[in-house]
Amino acid sequence: MASINYLNEPKGIKSWLLTLDHKRIGLLYLFGIMTAFFLGGVFAMLLRLELLSPGKDFFDADTYNQLFTLHGAVMIFLFIIPSIPAILGNFVLPLMIGAKDVAFPRLNLASWYIYVFGSLVALYSIITGAADTGWTFYTPYSTQTGTSVIAMTLGAFILGFSSIFTGLNFIVTIHKLRAPGMTWFNMPLFVWALYATAIIQVLATPVLGITLLLLIIERVAGIGIFDPAMGGDPVLFQHFFWFYSHPAVYIMILPGMGIISELIATFAHKRIFGYKAIAFSSLGIAFAGFLVWGHHMFVSGQSELAAMIFSFLTFFVGIPSGIKVFNWVATLYKGSISFEAPMLYALSFLILFTIGGLTGIFLGALSVDVHLHDTYFVVAHFHYVMMGGTVMAFLGGLHYWWPKMWGRMYNRLWARISVALIFVGFNMTFFTQFILGAKGMPRRYYNYLDQYQPLHGFSSVGSWVMAVGFVIMAVYLIHAIFRGRPAGSNPWGALTLEWTTPSPPLHENFPQTPKLTHGPYDYDTVTAPMT
Amino acid sequence: MDTTSSLFLPPAGSTIAPEVDALFNFILYTGVILFLIVTLATLWFIIRYRRRARTGTTSGIAHSTPLEIAWTAIPTVLILIVFFWGFKTYIKMNIVPKDALEIKVTGQRWFWTFDYPEGASSTNELVIPVGKPVKLLLSSKDVIHSFFVPDFRVKMDAVPNRYTITWFEATRAGEFNLFCTEYCGKGHSEMIGKVKAVSEREYADWLEAGSRAGEGVPLEEYGVKLYVKKACNTCHTVDGSASVAPTFKGLFGHEVFLTNGTRVPVDENYIRESILNPQAKIVTGFQPVMPTYQGLVKDRELDALIAYIKSLQQ
């Protein structure tokens, strides 16, 4: 690769740390966020190891409580929320809409530094006695515990700004920088998804910021807001927290859905079914997602009327998600389907996200939720949606755009083996947890009754299968960066704009401003040669 | 009688449980059908339409109004059924029958206390009569806890500074697990109690016996029982291993090091103070997490516990 591209020009560490190129910032994020993913994964493996059998296996209850808090907080705030928008969104959004960069490149770089700073503050809490509150920081426990709650919440508070800046940047970019001829309904669906996500990021994140700040003020200054011992209201915290954190699960899943639309269209080589339905259901989910936070609180003592309204609205968030799934399946009809690794991730997503969505129906039903609330059923549901959904989509997207990022292809056979291991391991780990939860096993338990041991043991073994899959993935992806076979500009034969420029792209993406000659999914009229 | 009403749920033990299970099963079976439709369609398409050679253009089908109406309308009807069904049972769970027996439930790190209308009280073991509605008035003394009996399908948070209410009616005698399901710190997973459902007659006897508890029993022997009953065993072992709190084994008659740098001998008064005012003296290496038992133990019970701890000295 003698050609000049964004990777090799300009050179030097300074040119990377001060870069304003959205593609380089995407890679900086890739580095930071994958480090967080690795850490969160190690915490998860340690948790599953301890849960192999009841009682103390490796460490004590305090350590266990700190580990599950770290696992949750790192995975949510440092990994999943930024993962797709900040890595893949940053890298491909301007390419997909035919722009030179995002609207505010300096703000983009600033948001990466804020991400790094916020992450370091959050991880600093490990040294000062990691928080043991769970990632939900429920009061009054979080006000009273002696662990380092302030560092962790302050970290999450700072990370919020990174998220807001990215969202703001994307909204403006999508409004102002689309290539000539790209109308709203000519945009790739990933762009629609990023747009819907950005709206939630900008509107909901400040509420989390305020909530965490109030918690910090309560701990530092002793002003009673949530702690009943000081005249506060602990349930108020739950309302505040979920007012952000429920929309936040849509910050996590919507961009994943966007990726799935791209993958299925590309690898089925088929016009996407129900383009507008998918685009509008993203906006519908973003809007309705703001109105369901109370479904986390059906047994908190909130009024029956509130519970009824929240349950009702919750079900109506399910409908647009269901519509998307049906549209994706319908897209496969009469396609020309290939089974490259990204497509295997998309198919895994379809199965796992469907299970995740359907098990959400149990939890939305008031009477059934009373039994399942705060058990492993919730843990399993959450992981099916977040890991089976978002992480599978993220990995699918990573494999899809990896040749575009580096100009090199990974080993496709190892990629297929890895996705198979992750799929099997994931189901072993988490499907068992649905059964555990239905049988009454509460979450966040360091110790448990003997009757739950076989299922816990099986779940732990599943986590090892998954880990093997991830190790293989790390090896072949990193290998590809240095030794991979050179990839052409369009290895998958896709029709969106990012595949019309060389891999890796030039500094300002396109030799000249691209002209749109066809829609993103016109596979019925256009064939792009695979190069 | 112990019929399992679902593949996954524990056996039903309360009047409300079969109603919850019926909806659980409805969602389960409908969900399985929907899942099979999605998965089998996907499988069929990816096999039937797999790529055989380099492809040209493909079909441009991107709409089907009847299909799109169907896959919007059918799930909407299904979730409306689920919503109303769930709401109906939830309302039943929240309307307490008038003749219910009221028991005050107090959660604190890391045990439950139950106060009965006749003045009896118990720790970590809720005794209730079968076939009679029981109303629980819950609150917490420190952080949020949650009262969960899987077999009864009942769960309610216990929140500090406020009361929450739930109720249930046991349908069969037996012992049922009681879990705390709101994370409450180090001893969260040890905060496991029992619900003992007994006949009305046994319940009356138990209340009667409760007021005469420990009479005619040697103090030391009574102390053994109280050690479990008052949930000392959640944090204090008797086998010498350290847990959340110092072990009782070999404690009496020795000196302990305190966090304020002094040493005190463990005698009767030290133990009495540690039970009634646990924050007064903290042994080094342990957190000041023990709640006060002021008002929760009678004098004779204190004597019994002291006698028991004494018996564990070596």
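I'll go through the contact between chains A and B, then a sheet in chain B, then two helices in chain A. Keep in mind that this is a predicted model.

Start with the interface. On the chain B side, 69 residues are in contact with 75 residues of chain A. Which elements of chain B supply at least two residues each to that side? Two helices do, α1 (17-48) and α2 (65-94). The strands β6 (145-149), β7 (154-158) and β9 (174-180) of chain B do as well. α2(B) gives the most, with 15 residues. Now the composition. The side of chain B that touches chain A has 35 nonpolar residues, 23 polar and 11 charged.

Next, the sheet in chain B. Five strands make up an open sheet. Read across, the order is β3-β2-β1-β5-β8, and the pairing is mixed. As a reminder, strands of a sheet pair through backbone hydrogen bonds, either parallel or antiparallel. Where are the edges of this one? They are β3 (121-123) and β8 (164-168) of chain B, and each of these pairs on one side only. On average, neighbouring strands are turned by 25° against each other, ignoring direction.

Let's zoom in on one pair. Strand β1 of chain B covers residues 101-108, and strand β2 of chain B covers 111-115. They run antiparallel, joined by five bridges.

Over to chain A, and helix α4. This helix spans residues 105-127, so to speak a run of 23 residues. From first C-alpha to last, α4(A) reaches 34 Å, close to the 33 Å expected at 1.5 Å a residue. Its buried residues include A:W112, A:Y115, A:L109 and A:L123. What do the buried residues of α4(A) pack against? Three helices of chain A: α2 (22-50), α3 (61-96) and α6 (149-176). Just after α4(A) comes A:G129, with a positive phi of about 95°.

Last stop, helix α13 of chain A, residues 376-406. Is α13(A) mostly covered or mostly open? Mostly covered: 31 of its 31 residues are buried. α13(A) also has a kink of about 40° at A:Y400. The kink lies shortly before the proline A:P403. Just after α13(A), A:G407 takes a positive phi, here about 75°.

How values were computed
Residues are numbered from 1 along each chain as its sequence is written. Chains are lettered from A and ligands numbered from 1 in the order in which they are written. This is a predicted model: local features need pLDDT of at least 70, side-chain atom pairs count only at pLDDT 80 or more; totals for chains, interfaces and linings use all residues. Two residues are in contact if their C-beta atoms, placed from the backbone, lie within 7 Å. Helices (H or I, at least four residues) and strands (E, at least two) are DSSP runs, numbered from the N terminus. Ala, Val, Leu, Ile, Met, Phe, Trp, Tyr, Cys and Pro count as nonpolar, Asp, Glu, Lys and Arg as charged, and the others, Gly among them, as polar. Two strands pair if DSSP finds at least two bridges between them. Axes are lines fitted to C-alpha atoms, for helices over the stretch in contact, and angles run from 0 to 180 degrees between N-to-C directions. The expected span of a helix is 1.5 Å times one less than its number of residues. A residue is buried if 20 or more other C-beta atoms lie within 10 Å of its own, exposed if 12 or fewer, and partly exposed in between; C-beta atoms are placed from the backbone. The bend at a residue is the angle between axes fitted to the seven residues ending there and the seven starting there.
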